[in-house]
Amino acid sequence: MTPLLAVEDLVKHFPAGGGLFGRHARQVHAVCGVSFEVGRGETLGIVGESGCGKSTTARLVLGLMPATSGTARFDDVDVLTAKPKALRALRRRLQMVAQDPYASLDPQMTVGASIAEPLRIHGLYRKGGKDRVRELMTLVELDPDHVTRYPHQFSGGQRQRVGIARALALQPELLVLDEPISSLDVSIQAGVINLLADLQERLGVAYVFIAHDLSVIRLISHKVVVMYLGKVVESGLRDDVFDRPSHPYTQALLSAMPSANPVAERARARILLPGDVPSPLDPPSGCRFRTRCWKAQDVCAVEEPALVDRGQGHPVACHFAEAAPQVSGLADPARQDAPDLPNAAGLPFAP
Amino acid sequence: MTPVLEIAGLEVTFPTQEGPVAAVRGVDLTLEARKVLGVVGESGSGKTVTMLATLGLLPAGAEVSGSVKYRGRELVGLAPRELRKLRGAAVAMIFQDPKTSLNPVQPIGHQIVEGIRIHHPDVGRKEAAKRAVELLALVGIPQPDRRARDYPHQFSGGMCQRAMIAMAVANDPDVLIADEPTTALDVTIQAQILDLLRDIREEKGVAIVLISHDLGVVAGLADDVAVMYAGRVVEKGSVDAVYTQARHPYTRGLLASVPRLTDTRHGPLQSIGGGAPSLLHLPGGCAFHPRCPHARPNCQVDDPRLRPVAGVEAACHYAEELGPVASK
């Protein structure tokens, strides 16, 4: 079966000022050769820290900015080269939910009008639009009698539900969600995650779900892509990536996630990465992660590791990829086939 | 053991156009020397306002009553002059967004020097500058002598937070109040900063109040934890007790609604229905009752107070009936 969305070798460089008329402009290497596929009705989780290019990837896939190179085929139409008219038609099937529901809703419009807007734009409001808006509000578990209220009268979680209702108005096949819950309070997040899972089951909509929180990604994704400084460092089925994280960065990310278990938190060994993410203006040669990696050797500075399966059962972009199921310190202790973490290699472990 | 910070019956009310808003409604907290107290709660629960009131940093209109004692000395109603002597010396604070907390037009080192010399005018400029470099080294800034001359925009978010911590510990405080110190940072940088706070606590013996919405952040660092909801502490106790034997329905709901890395099920998460109440129109009785799965008619009338229940303190009429909860 052909995937719903097939992204191949996506590249985006931004000019970063410097020089008159940009003649000596430097380039921000935001997204560098990213590839992934999303099937119908499934969720692809993209995880990474700020500056890893996950939001830029989302915007490119939505056709919201031109790419430097690469393709993003949505049902065999390349979003990146589609003519405006074709792109408009695609947008009915491809919608997004933004991070901050307060900033993405017009404060002067009632939520009903906000949800109805996509219907109006696509000429679908006249016939039964009013009922459709009420239906959508019910779908996202809001009171349909609140259509005449304004965004400020809703809480953060409710506003995000309005954002989701608006995105679903045109019955899209794919929803791109960029950090949809990170601005919400903990007790509210769970409700929105549950809603998204439920909607997928009922409507068969596929998600590209972007987050920095690995536990949320694990809960909601079928497939996972881990990004670092514009590149995919590891990808695969959810359980493959979480049970056998094989790229040092994925291992460090998993290890850095605090868990709400005081005993385990105090006991476990943490992988502490030194320093910061390097500037995307001047990414390191070879492997981009090598400047913070405890496994780095000379070859890492010279040769860029390809994203291929190196015997871990899923693609990993590391010359020294090695599955480490006990990284989080919380994994199933029954698994004895786990290789030990390489603490002999100068890894700064915290007690 | 004598507590370094003792907050008792603290109330803070802000006048607004729509009427007075009670942001903190009778909070009791105790911070023991060299301990870490985690304060957990969602936005608007009053955790930051409590700490700002402690330091006398609230805007002029705010009405503060109750008592805040630092080593037995009352801080509420203390003259601004006296408070200034304490702030940044005995009690220091770091904030969520380090970039906006630093002065953008002064070199980092200079800002640390200023902090030292305000409280110790006898320390010479040169000596203070030397001390600033030592502090930057202490918090793990590479090439501290060179980086001391950098401006905040030349520092990453994580490094700015390190600089803030250097500034906070410059005068060897007894108490460090850290308000969401890692919320604006990435996960791997968050791990670095939490590790640094752990080291600072060991090395300097400073007691820390760690404010966070993240139960995971608090779990790894705190000795004791207080859970706040709508301006009140609804549960407190040792971290181990609260995380494994929570007796307040809100704490239990919070703990259950956090997705865990070890969760492999694809089932729904538990969530708390509804949203935090408006502080302008607080529900009668227990402020949590409209969202509480265990609420009974008297919860709408009787306001539960914090009381000891099997290893923790919880503000719920039915805490005993809820029984202990096994942590996942």
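V233(B) touches V27(B), D28(B), L29(B), A226(B), V227(B), M228(B) and L306(B), leaving aside residues up to four places away in sequence. Contact here requires C-beta atoms, placed from the backbone, within 7 Å. The structure is a predicted model: local features need pLDDT of at least 70, side-chain atom pairs count only at pLDDT 80 or more, and totals for chains, interfaces and linings use all residues. Residues are numbered from 1 along each chain as its sequence is written, while chains are lettered from A and ligands numbered from 1 in the order in which they are written.

V233(B) lies in strand β10 of chain B, which spans residues 232-238. Helices (H or I, at least four residues) and strands (E, at least two) are DSSP runs, numbered from the N terminus. V233(B) is buried, with 28 other C-beta atoms within 10 Å. The cut-off for buried is 20 or more such atoms; exposed means 12 or fewer, and partly exposed covers the range in between. A314(B) is 81 residues away from V233(B) along the chain, yet their C-alpha atoms are separated by 8.4 Å.

Chain B as a whole contains 12 helices and 12 strands. Its radius of gyration is 21 Å, close to the 20 Å that the globule rule gives for 328 residues, so chain B is as compact as a globular protein of that length. The radius is taken over C-alpha atoms, and the rule is 2.2 Å times the number of residues to the power 0.38. Along the principal axes, the C-alpha atoms of chain B fill a box of roughly 65 × 50 × 40 Å. Buried residues make up 49% of the 328 in chain B. Among chain B contacts with a separation of 6 or more, 64% join residues 24 or more positions apart.

Chain A has 12 helices and 14 strands. Of its 351 residues, 50% count as buried. In chain A, residues 24 or more positions apart account for 64% of the contacts with a separation of 6 or more.

The two chains meet through 40 residues of chain A in contact with 40 residues of chain B. On the chain A side, the elements giving two or more residues are α7 (186-203), α8 (214-220), α10 (248-256) and α11 (262-267). The largest share, 8 residues, comes from α7(A). By class, this side of chain A has 21 nonpolar, 11 polar and 8 charged residues. Nonpolar covers Ala, Val, Leu, Ile, Met, Phe, Trp, Tyr, Cys and Pro; charged covers Asp, Glu, Lys and Arg; the others, Gly among them, are polar.
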